[in-house]
Amino acid sequence: FLSEEMTMKEYLPGSERQRSRGYSPAVVTTGSRTVYLAGHGGYSDESGKTYPGDFDAQVRICFERIRAVLGRAGGTLDDIVSMTVFIVDMKNGDRFTELRRSNFSGGHYPGSALIGIKELAHPEMMLEIQAIAVIH
């Protein structure tokens with residue numbers, strides 16, 4: 001295992017717009033483990049309760065699931081360096097970026113793409129998030 005001193009993440013400074021949208025233009029890493037996360041949706045929570053049409057709840061559940069998976073790997077949301085977000089209705093794009101910003105500390109936002117698509121694996125899914133994390 002690598003010591004924390006050998007791990008480095010450099011968040012390249014973004015423009016005001018990039019910061020307002022909650023992403024960095026690039027994150028440069030050295031000396032660490034890379035975790036490739038599968039896509040996570042938020043149509044239903046761990047108890048099986050569903051959230052059709054509730055965008056905020058689906059975003060919250062997505063981040064809860066990603067947080068849990070990263071915890072199992074020894075990391076946190078702040079270890080995410082790249083994120084691809086698939087969203088069914090681009091009208092929710094601004095709301096997503098607002099919610100995403102609240103999940104990262106110190107303005108260390110991952111590089112990101114927000115992609116509008118026609119549909120996801122389940123008809124009520126409003127978004128899916130796939131990510132890459134670098135953990136020391």
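Modeller: I call a residue buried when its relative accessible area is under 20%, exposed when it is over 50%, and partly exposed in between, with a 1.4 Å probe and protein chains only. This is a predicted model, in which local features need pLDDT of at least 70 and side-chain atom pairs count only at pLDDT 80 or more, whereas totals for chains, interfaces and linings use all residues. Residues are numbered from 1 along each chain as its sequence is written, and side-chain values use heavy atoms, with hydrogens and water left out.

Colleague: Are F63 and F104 buried or exposed?

Modeller: Both F63 and F104 are buried, and they belong to a cluster in which ring pairs link F63, F96 and F104.

Colleague: How many aromatic pairs are there?

Modeller: Rings of Phe, Tyr and Trp (its six-membered ring) pair if their centres lie within 6.5 Å, and planes under 30 degrees apart count as stacked, over 60 as edge-to-face and the rest as tilted. By that rule there are 2 aromatic pairs. The rings of F63 and F96 have centres 6.2 Å apart and planes at 15 degrees, so this pair is stacked. F63 lies in helix α2 and F96 in helix α3, so the pair ties together parts that are 33 residues apart in sequence; helices here are DSSP runs of H or I with at least four residues, strands are runs of E with at least two, and both are numbered from the N terminus.

Colleague: And what are the relative accessible areas of F63 and F96?

Modeller: The value is 1% for F63 and 0% for F96. The rings of F63 and F104 also have their centres 6.2 Å apart, but with planes at 80 degrees, so that pair is edge-to-face. Since F104 is in the loop between α3 and β5 while F63 is in helix α2, the pair ties together parts that are 41 residues apart in sequence.

Colleague: Which residues of α3 are buried?

Modeller: In α3, residues 93-101, the buried ones are G93, F96, T97, L99 and R100. They are on the same side of α3, because they cover an arc of only 165 degrees around the axis, the arc being that of the directions from the helix axis to the C-beta atoms. These buried residues pack against α2, β4, β5 (111-116) and β6 (127-135), where contact means heavy atoms within 4.5 Å.

Colleague: Switching to the sheet, what is the strand order?

Modeller: It is an open sheet of 4 strands in the order β3-β6-β4-β5, with mixed pairing; two strands pair if DSSP finds at least two bridges between them. Its edge strands are β3 (33-41) and β5, each of which pairs on one side only. From one strand to the next the twist averages 10 degrees, with axes fitted as lines to C-alpha atoms, for helices over the stretch in contact, and angles running from 0 to 180 degrees between N-to-C directions.

Colleague: How many bridges join β4 to β6, and over how many do β4 and β5 pair?

Modeller: β4 and β6 run antiparallel and are joined by 7 bridges, whereas β4 and β5 pair in the parallel sense over 6 bridges. S82 stands opposite I132 in β6 and also opposite G111 in β5, while the bridge partner of I80 in β6 is A133.

Colleague: Where do α2 and α3 lie relative to that sheet?

Modeller: α2 lies across β3, β4 and β6, running at about 150 degrees to β3. α3 packs on the sheet and touches β4, β5 and β6, with its direction at about 150 degrees to that of β4.

Colleague: What about D79, where is its place and what does it touch?

Modeller: D79 is in the loop between α2 (55-72) and β4 (80-87), and D79 counts as buried because its relative accessible area is 9%. Leaving aside residues up to four places away in sequence, D79 touches K9, I132, A133, V134 and I135.

Colleague: Last one, is R72 buried or exposed?

Modeller: R72, which is in helix α2, counts as exposed because its relative accessibility is 76%.
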